[in-house]
Every structure is written in C-alpha cells, then in structure tokens.
Amino acid sequence: MQIEQEEIQSILTPLRNLRFRRLWISSLFSFLSSQIFPICATLLLLKGEKPALAISLLLSSQIVAYLIFAPVGGLLADRFSRMRLVRVSLFLRFLVALQLLVGPTPEVSRLTITVFIMGMIDAGSSGAGSALLPDIVEANGLQAANALRAVTGRVASISGPGIAIFLVSTTSAKVGFSFTAAGMLIALIALMRLKVVTTKTYEREKFRTEILAGYKFVKQTKWMMTVMVILALQTTILFGAEMVLLPIISTREFETARIFPLAIMSLSLGSLISAAFAAKFRAKQLYKWAYQKRVLDWDLMTDISLQHRLELPQIM
C-alpha cells in the first residue's frame, strides 16, 4: 500500500474537470427536482379528503415501481449507451411533470399514476447514472467524485422540501410541479454537450435470459431472498412512518402542513452532519496510522472497523 499526498484529492477537486462539472450540474437540478415533486404532491394531498389513504397510495406506487423496474436498470446500463439512457430518462421525467400543469389540479389517481411512472423511469435509469462516473473521471478521482455526488444529493434533500414549502405556501402545488419540470429540462440541457467515450461492449445473452437468470439465482440463494424480504419490510415500515404517519400527525397536531417538510429537512441535515463528522474522523484515523505510526497494513489498523478496512484497498 502506498499513500501519496498528491493522490489524496479534495471533495471539490473533480469540479475542475469540465465533463464532470456538467454531469454534476445536471445531477444537482435532477436531485433538487426529485425532492420538490413528492413534497408538493404530499402537501397537495394533505388538503384533500382521506389524506392518509391518498399518501399511502402515492408511496405504494413509488415502491412498487422500484421493485419491478430496478433490476431492469442494471441490464439496460450494460446494454445501451449510459449517457443516452440518462438523457432519455430526464426528457421523459420532464414530460411527465409537464402534464401535471395541464388541466385542473391533479387528483389522487392522477398523482398516483404519475408517481408510478416517475419511479419506473428513475429505476430504469439509476444504474446508468451511477455507472457514468468511471467514463468521465480518472481512477484516482472517483472517490472524491462519488462523495461529491452523495453530498449534492443530501443537500438537495435538505433544500428541496424548503423550496416546496415556499412554493405551495405562496403560490400553488402546480408551480412546484412547474419547477420540477424546469429542473429536469435544465438537467437535460447540461448533458447535451457532454461527450462520453463509449465503453467497450461484449456479446451478451438475450435480455429475457439474463433477467430470468438473475431472478433464478436469487431464488436459489435462500439467504439472499430472506435478506431482501427483510429489507423490503424494513424500508416499507420506515417509509410508511416517515411519508405517511409523519405528515398526517404533524398536520393534525400543529394545524399546518409546513411542519412535515421542515421535519424532512431536519432529518436530512442531521444525516449530512453525521456523515461529515464520520468522514473527518476516519481521515484522522488514517493519518494517524500512516504518517504518525508509519503503519501501512490495513489489518493492523485496529481502531478502524472491519467493514471499513475491507473497503480501504478498493478506495486508496
């Protein structure tokens, strides 16, 4: 293991790369739009009849869309141009958000179908979006680039609800939906001039054969199916408490719908602060072992968690 100071990059270093900067701007507006849309939809449903049932349908449609189409996203990213998939995804989400501006204020059924389609498009392109980085950023900058994308997503999850509160309170939910559409369009424009060298493709099995092989592998591996079911139940319960119970209870107790987005912002801010402190603490641990104790063997760094020690050879 070698640790060279010039290889340790700041989290902002990837922004010097013009191609990554365009990808980052696109991700920023995409993340922000994705946060504004569900908050505006939830605030709109809180004003109607049976808000708990309406928000539950909204949440269920999103989860079902991800469960069905998330496995397809990885296969699509391996078969087609990743940049093209991301562009098509942004354009489709722009159109889906745009249709909410036509006609009367969207009802529960229309919003539920819209959220399902949004989730379907997002799940189908999620693999392509995360797989673009190695084609744009050099190997020694991947860690910083991934960290910056993660921080950007977290910042968007903090500011998005705040923007949604302002838009719905001062104007209407339709204005929030228009901001969603505009954000997707800006994200798409940022990628239009971004050229990515096509990665080498290999001969693959038929699409149906590959996806059935994946499901067969999961079915045969008993522990994997059990873990997936537990994670699905855990996610459903947590999402249900956060996205259904929290807005209903906070609105009834405080007689305003503004508390719910503020709570989401606080949750995201707390996790961002925790992650920042954890990253700083880990950096100090590595510095102490490498430069003060002159220990370069990961296995000997005993105060670093086993999981993190296993990840270090891949990062450094």
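1. Arg-258 comes out partly exposed, with a relative accessible area of 47% (buried is under 20%, exposed over 50%, partly exposed in between, using a 1.4 Å probe and protein chains only). You'll find Arg-258 in the loop between α9 (222-254) and α10 (259-292); helices here are DSSP runs of H or I with at least four residues, numbered from the N terminus.

2. A word on the source: this is a predicted model, where local features need pLDDT of at least 70, side-chain atom pairs count only at pLDDT 80 or more, and totals for chains, interfaces and linings use all residues. Residues are numbered from 1 along each chain as its sequence is written, and side-chain values use heavy atoms, with hydrogens and water left out.

3. Back to Arg-258: leaving aside residues up to four places away in sequence, Arg-258 touches Ile-165 and Ser-169 (contact means heavy atoms within 4.5 Å).

4. On confidence, the protein averages a pLDDT of 77, and 84% of the residues score at least 70 (pLDDT is the predictor's confidence in each residue, from 0 to 100).

5. Now the helix pair: the axes of α3 (residues 82-99) and α4 (residues 108-131) come within 8 Å and cross at roughly 165° (axes are lines fitted to C-alpha atoms over the stretch in contact, with angles from 0 to 180 degrees between N-to-C directions). The two are therefore roughly antiparallel, a label for angles over 145 degrees.

Terms used:
Angles under 35 degrees count as roughly parallel, over 145 as roughly antiparallel, 65 to 115 as roughly perpendicular and the rest as oblique.
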